[in-house]
Every structure is written in structure tokens, then in C-alpha cells.
Amino acid sequence: MAARRPGCDSGGVLADVPLDLPVRPVLPALVRALHGAGTAVLVAPPGTGKTTLAPLAVADEVPGTVLIAQPRRVAARAAARRMAALLGEPVGGRIGYAVRGERRTGPRTRVEVVTTGLLVRRLHRDPELPGVGAVLLDECHERHLDADLALAFAVESRAALRPDLWLLAMSATPQADRFAALLGGAHRPAPVVRAEAALHPVTRIWAPPPRPVAAPGAGRVDPALLDHVAGTVRRALRERNGDVLVFLPGAGEIAAVSARLTGLGDGVAVLPLHGRLSATAQDAALRPATAGASPGRRVVLATAVAESSLTVPGVRVVVDAGLSRVARTDLARGLGALVTVPVSRAAATQRAGRAGREAPGAVYRCWSEATHARLAPQPEPEIATADLTGFALELAAWGDPDGAGLALPDPPPPAALTVARETLATLGAVDADGRITARGRAVAAVGAHPRLARALLDGAQRVGADRAAEIVALLADDTLPGGTDDLTALWRRLRGGTDPAATSRWRAEVRRLRAAIGPRDPAGGGGRTGGGGTGGARTGGADPAARRPDGPDGPGRRAAAEVLGDDLAAGLLVGLAYPERLARARRAGGAAYLMAGGTAAELAAGSGLAGAAWLAVAVADRSPGAPTARVRLATPVDEATAREAGGPLLRDAREVAWSDGDVVAREVLRLGAIELVDRPLSTPDPELVAAAVLTGLREAGLGLLTWTPEATALRRRLAFCRQALGDDWPDVADPALLAAAPSWLGPELARARRRADLARIDVAVALRRLLDWRQAARLDELAPERLPVPSGSRIRVDYTDPAAPVLPVKVQETFGWRDAPRLADGRVPVLLHLLSPAGRPVAVTADLASFWRTGYPQVRAELRGRYPRHPWPEDPTSAEPTRHATPRRR
């Protein structure tokens, strides 16, 4: 390569820019740092001109193209137009840009602004980046996944292949040490160059709502806060001069606040700015007021796209709602959700800086200073919350499946990376070690999410390359206008050109994806037939018998040659991408569904899709804590299409299980969690039946057995032996009996076929299997069922309390006993419940000798008159015991 020029601003591109911005004085130091180390970090607050002037300064120093990577398409286009305007030339000359589906460069282009995703694609295609002299990573602090990958890949490419390549990370936040270490290495970090603060001061105005509002979350933003934001905008228009830039979390809130700002007067224009707008509409918000026009004011309602890199001309006031919208991934369900969170302090600082780019300004923050102190210092990096499937494929394609050897600012979370690699494995994109396969390279080459790339490549063979590209282009672009949850209706609107800008953007992506599939099928590749036209019916034109559950190809299967209509073609593509989101209605005509992944889902009230028996769900989200997911975009399908798309989830199983209180033996065909076919199983495996019976017993408890008085008494005697003699004796508590059920109930469980068989078991016989032969021989001695008393009676011992066995006996039958009997080899005295002749308790004692001395005289005195026909001797220890009363005299 040609030698670099050592100066800066001494001629060349930058010299053609007369504009003075705060970053300009540090550009010579930046160039010297890059000459010395080849890498650097430029820290410059919003409004200092780093995005505009740094690329031009670098272009003067290196041969070849300077690539500057931006995280958003709107920012990439805006940055290129800004630099070209400063040079007094159109985009496509010395300044160009490239975003997905659009590129404006020429043979003279020295600076090309690209999205970070496009830079990653180019690094994959050729890591040497031939013809490129420098790579600038702008807004790297925002920590998008593509930005992290672009940084890591560029660092490795420079170290291994291009030591002459300049790498510059540019950030609006002062935390530069991490990026310096990543660029230069831990032992020799890249030099950090810092620019001064913004050109003009910004006054902070704390403007919290007058009353508390609901905390942000996955639901809608509290309308009271939107009312307050609109009121704050009106206040700002009264108190300040210049245009107003309002930060809101999403397009829905922008529309809501815009509606609240009607009636501002002819001199105030309200303009939206977000990613779903056409490039023309975005440019309208970024374009200065036309010279010579009336001196009206603008209120620009923007999402986070306006936080950095973009200059909205004329802005002197920022109104910040204090909210951001971030993606959260539910790893267990494979669903995402857009969650509204409080803005970080760093992002709030960037937003405020928009007001001071051109003149002194003010920021109205719709929260209190105390709340501000509690905000997170930095936004959460996308790698911590996002779906990592595409990220994992990029790592595998680079040759480092776990990313351990790359200069990533943060490692990917292990659980999320594991789920991502499992998803790639099911697509055939990686092998068991996480290395990319040939199919994985084909998927990666598409340049879309791996799930969508899989649907494109496999679906093209079934519905035709053109329709496959159209559907995947629709699914891949979340900026297309919404207003409906019917995917096919949206597809038809795009075909019909209802929104020309959206259709143009969509068709550009269709062309790109169509090229990724390969040459056209001469036979037409599944073109539109049957009901597949724009106004066609929701089913194809093939013989309906081929789709009947009892059709000739088996339950619910379709003949392979059948041509699908648009709805079913769209459903097939969605199902190929997201098979776990194929959903069946829980009841006919309803709006509640069960997805194949096991998650319940519901349509919005009034949805035109309600009543469809099956849906292929393209977009669904589940709010934290919500019992069901909300379907955002779907299309009706039939069961045959669901089976075809979700083939890997089909499982035909013979199941024997305990269900609804009894053994159920059946043959089940499932699509994931959805039961398609359920037939009784006539000859189930006896071992599986026994296992199901055991499961039922453990779930329902020992109450399924019939506990006769004999069985209950034996269980209590065994519990007493364990209490008195130790753990050598069996544990007969419920948990222990259930755990040991196979040993003491083994023969009965082997014969049982249903719940009723458990009730027929002789539990007393089964319990004795818990005893070894020695214990069985001594049980009646140690814990007799009955005890003889002096009267000759044999009275049953009550072992309900294993610590204190009870013998209920009449006082007259114990005459002659000096002490209470003892059990368990004399270890435990029996607790005597002494009864009157009528069987009523008169005393409880385990110390009979003491009772005879102190208690009996009082009992004798009280009862001898009441029961004169029964003996009440003064000395019961020497009296004759009796069970009978003295006969009456005639």
C-alpha cells in the first residue's frame, strides 16, 4: 500500500470542510496516535463532530477506503449525507454508504458508511478487507451484537492478516479503557484521545409528572406519562426557542403523543423519527427547514435512533420521557419481548446533548433528580439479553464457536449461548462440537437470522424461490408498517404497494434474498396456483382429501406434489423458521391457542385470525409474569401444513402413565406439545403399567390403599418399634413407605393394572415384608397386639403415639398389679388409661405403684358409692381382680 501522509488538515478531504467543531482540534493527536499504534479510541461527547470529521481526517492519512460502521441504517445514511453536504457534493462521490438493500458509492469514494451488520458480512467474505485502509467503529458504547462482533473480528483480522489496517473505536461515553484494551491488548492498550465537551451548554430542567405513574414494563406505557410528556412539550414551546426533540420508547408512543399534540398551531410541525419510517420520512426530520420558508417550529418525536450520530437541525430543546425499549429473550420458551425500561444515565446524557449541538439549549427530563441518581450508569449490552442464535452462527463461521479467543467486550452468557447452539444444531448448521457445517455456511451466507435463512433455503423448494424470498423478506424486517396481525394480509398489502416506500424497501430485500437462493427454477418453482393469488382463498387448489386427517397419506399428511396457496405457503415458511410456534386452537372458534413449544398464546381482542383452527405464529411475545403469550403476527394454516413444517417435532409414542387418577395406556402422535392423535393401547407393556401404578401411588398417596384396622394397627406397632428400638426397624412414615413401595408392594404392583387393583391389596401382609426374619419373630413379643391383665382379659394396646403406647383397662381388672407392664424388652412403660366400671376414664398413669398410693384412695372415695356392686378394696395390690360386678341379692 502507498505510504500514509503524516499531516492532518494540510490538504485533502478534511481541508475541504470549513466547519469548526469541538473535535477538530484533537484530530492531529488522533492521527498521530493511529500512526504510532495503528489503533485508537476517540472519546467525544455528542455534538462534537466525531462522526462527521474523524472519518475525513483518517481518509487524508491512509490509502484505500475508510469504512465507518454505524449500528443503525438511518444513522448510516444520515452520516454519509452530512459528510457529503459538508464537502458540497452528492452522496456517491467521495462519500458513500451501504446498508442492506441499498448502496450508493462510486469509483471516487474514499469514505463509505456501512451498518455494523454489513461490516461483519464483509469480514466473513474476506477478512483481509482488501482496498480498505481503516475501519472506524462509531457508537461502540451502544453495545449492539453486530457492533461487538465487528470489533472482535476486525481486531483479529488486523492481528493475523492486516497489521497495516487502522482501527478506531469512537464513543460518546468516557468509559474507554475497555475498548482500548480490546483494540491494543491488555499489556499495550490503544491510545485514548478525548475531545472537549459539547460546543454549547445545555440547561437541565427536572420535570417529573405531578402524580406517580405506573412503572415501565412489558405492557403499554402509562397514558398518564404520555399526557405529561405532551404537556411538557407544550411548556417547552412556551418557555424556549428553537425546535424540540422528544425522546419516546417506540413508534406506538410516538403516535400517541403526536395525537395529544394536535392544535399546536399552524406554525408548529410535528414529525416522527423512528426505524419503521421510510427513508424519505426519516430524511424529512433530519433535513433543515427550507430556506425562505415561514419561520415555523418543529417538534420531532423520536426513538433511540436520535440518541447518537444523528443531527436533527434546529433543535434547541430536548424533552426526554426517560424510557428505552429493549429486547428480552425467554430462553425456556424461545420467545422474545420488547420491554420498556428506564433510560440509563449515559443515554440520558447523550439525549441531552442533542439540544446543544448548534446553540445553547435545554433538556426537560420527565423524572426527578433523585430518580436520576438511581438510574443505571450504562445501558445493558445486547449480548446480555438478546437471542444469540445469529451471534453463535457468526462465531462458528469465524472459527471460534464459543468466542473465547475473540476481543469481545463481554462474553456471551453460557445459558443463552447453549440454547443458541442447540438451535443451530437442529438446523444442521453446526456439528456436535459447535463447528460450522456446509449447511451452516449456506445459512450464514443468506445474511438473515439463521431460522429465517433455513426457511428460505428449504421453503424455496416447496413454495418457489420468489414466494419464499417475499415471505422471508417480510419476516426479516421489523420496520415494515404494522396495523394487522395477519401476515398474509400484510404480504398482500406490500405486493399491492399500499405503502410505496415500504414496498420499495421490501422488494429490495426480496431481490437480495432471491439472489441468495440461486438460479431460478425453469419450471417455476412452486409459483402461485389455486388460491395463491393476491385475492385468493386461504387454501391451495389441490384435492382436499390429501389434507384430511384420515387422507390417503396417513393422518393429516399432504401429498408432496400439492401446490400451496399464499396463506399456506406463508404458514409453511413461518413454520419452518419457528416450528415451536405452530399453534392449535384450544377450542373451536376461540382465540386461545397452544403452541407446539408448550406455551399458551392468545390473539388480541377483535383479531381477524380468531377462529382459525391452526396458526403459524411469526411474532409473539410474553410479558414477564404473564400466563400467556400475545400473538403479534401469524397466518392460518391447516394441520397438514403444520405437520409438514414441524416435521422434526412430530413424535409417535406409546404412553402408559398415571393421568387423572388412574392408569392411562394410549398411543399418542404429538407435534411438540400438541396432541394430534390419541388412541387406547390394548396391550401395554406390563413393566410400564407397574411403573405408572407406582407413580400414581406416589402422587396420590397411601390413601389409594385400603387400610383395614389390622393394617393400621400393624403399621403403628412397627412405628413404635422404630421409636423404641432404633433405625434397624423399618420406617413406616408416608414418605418412607412410598419410597420403598417397590420392595414391600412389589408383587401386588406387578399384578396391578388400574387404580382399583390398589384398593384390593392386603396391606397388612405387604407391610410384613419390611421385616427381616428376626424382627418378624420378635414383633409380637416386643410390641404385642394385646396384653393380658390380672383379670385374665387380653386387651388391645393402642400404639397411635409410638412414644407412649396406651392400654385402656378398668381399675378392677388391674387389682394385683404392683407396676404397669413394659414393652420393647422393658424399655417403654405402658401408659394405663384406668377406667371406671362404666368405661369412663378416671386416671392416666405409667407409674401404677404411685397411683395405688396417692391416686387410688381418692378415686375409691369418689366411686365406691356410685358403683356399690363393684369391689373397691383398700389394698388393690392384694385384692382379687375381676371383670364382673357382685350379683344383686334377691
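Visitor: Is Leu 129 buried or exposed?

Guide: This is a predicted model in which local features need pLDDT of at least 70, side-chain atom pairs count only at pLDDT 80 or more, and totals for chains, interfaces and linings use all residues. Residues are numbered from 1 along each chain as its sequence is written, and side-chain values use heavy atoms, with hydrogens and water left out. Buried means under 20% relative accessible area, exposed over 50% and partly exposed in between, with a 1.4 Å probe and protein chains only. Because the relative accessible area of Leu 129 is 4%, Leu 129 is buried.

Visitor: Where does Leu 129 lie, and what is its phi?

Guide: Helices here are DSSP runs of H or I with at least four residues, and strands are runs of E with at least two, numbered from the N terminus. Leu 129 lies in the loop between helix 4 (116-125) and strand 6 (132-137). Most residues other than glycine have a negative phi. Leu 129 is not a glycine, yet its phi is positive, at about 50°.

Visitor: Which loop holds Ala 824, and what is its phi?

Guide: Ala 824 sits in the loop between strand 28 (822-823) and strand 29 (828-829). Its relative accessible area is 1%, so Ala 824 is buried. Although Ala 824 is not a glycine, its phi is positive, at about 55°.

Visitor: At what angle do helix 2 and helix 3 cross?

Guide: Happy to show you! Axes are lines fitted to C-alpha atoms, for helices over the stretch in contact, and angles run from 0 to 180 degrees between N-to-C directions. The axes of helix 2 (residues 50-59) and helix 3 (residues 73-87) come within 9 Å, and they cross at roughly 65°.

Visitor: Which residues make the contact between helix 2 and helix 3?

Guide: Contact means heavy atoms within 4.5 Å. Helix 3 contributes Ala 79, Arg 82, Met 83 and Leu 86, while helix 2 contributes Thr 51, Thr 52, Pro 55 and Leu 56.

Visitor: How many residues of helix 3 are buried?

Guide: Among the buried residues of helix 3 are Val 74, Arg 77, Met 83 and Leu 87. Helix 3 is largely enclosed by the rest of the structure, because the number of its 15 residues that are buried is 11.

Visitor: How far apart are the end C-alpha atoms of helix 29?

Guide: The expected span of a helix is 1.5 Å times one less than its number of residues. Helix 29 (residues 848-863) has 16 residues, and a straight helix would reach 22 Å. Its end C-alpha atoms fall short of that, being only 19 Å apart.

Visitor: Where in helix 29 is the kink?

Guide: The bend at a residue is the angle between axes fitted to the seven residues ending there and the seven starting there. The kink is about 55° and comes shortly before the proline Pro 857. One of the buried residues of helix 29 marks the spot, and the kink lies at Gly 855.

Visitor: Which residues does Ala 455 touch, not counting residues up to four places away in sequence?

Guide: Ala 455 belongs to helix 15 (residues 450-463). With a relative accessible area of 0%, Ala 455 is buried. The residues that Ala 455 touches are Ala 460, Leu 573, Leu 576 and Ala 577.

Visitor: Is Ala 739 buried or exposed?

Guide: Ala 739 is part of helix 23 (residues 734-739). Because its relative accessibility is 54%, Ala 739 counts as exposed.
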